[in-house]
Amino acid sequence: MYSYHFDRNQDFNSFNYGFGAEYKFSSVTSLTAGTYRNSHYHQSNYIGAYWQPIAIGPIHVGVVAGGFNGYPNTNNGGWFPAVLPALSLEGDLIGLNLLLIPTIPNRVAGSLSLQIKIKVFE
């Protein structure tokens, strides 16, 4: 994942490498889980569900809701809930998720994050 942070004056990690999985079980919903190196250079984990009821060709728009951990200023690094706007572009083998992460002062650094996904099975 690559994150473009809105506050360009901080030393944030923009290359949030990691591994995750997404399982689409209907045309509008999917489950996701994974781990990545977050913007504060800490390991984070996530679990959630996408709900994307708007589709225009290969573009799907909606939200992802779930839980995250690993952010030292949010719940002392423990798990916390989040709901984020999400746009997905899905091809036959490769897809992209675009997430808008709002700034929450002294807790979360806002960013526009791009996640690449590769289909491994039908």
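Two strands pair if DSSP finds at least two bridges between them; strands are DSSP runs of E with at least two residues, numbered from the N terminus. The model is predicted, so that local features need pLDDT of at least 70 and side-chain atom pairs count only at pLDDT 80 or more, while totals for chains, interfaces and linings use all residues. Residues are numbered from 1 along each chain as its sequence is written, and side-chain values use heavy atoms, with hydrogens and water left out.

**Sheet**
- Eight strands form an open sheet in the order β1-β8-β7-β6-β5-β4-β3-β2, with antiparallel pairing.
- At the edges are β1 (2-5) and β2 (18-24), each of which pairs on one side only.
- The antiparallel strands β1 and β8 are joined by four bridges, and Ser-3 stands opposite Ser-113 in β8.

**Nonpolar core**
- A nonpolar core is a set of buried Ala, Val, Leu, Ile, Met, Phe, Trp, Tyr and Cys residues joined through side-chain atoms within 4.5 Å; buried means under 20% relative accessible area (1.4 Å probe, protein chains only).
- The largest such core has 13 residues, of which Val-64 and Phe-68 touch the most other members.
- Strands β4 (43-56), β5 (59-68), β6 (80-90) and β7 (94-101) each supply at least two residues of this core, and β6 gives the largest share, four residues.

**Lys-117**
- Lys-117 lies in strand β8 (residues 111-118) and counts as buried because its relative accessibility is 17%.
- Its side chain makes a polar contact (N or O atoms within 3.5 Å, one able to donate a hydrogen and the other to accept it; residues adjacent in sequence count only if both atoms are side-chain atoms) with the side chain of Glu-90, at 3.0 Å.

Methods
Buried < 20%, exposed > 50% of the residue type's maximum accessible area, 1.4 Å probe, protein only.
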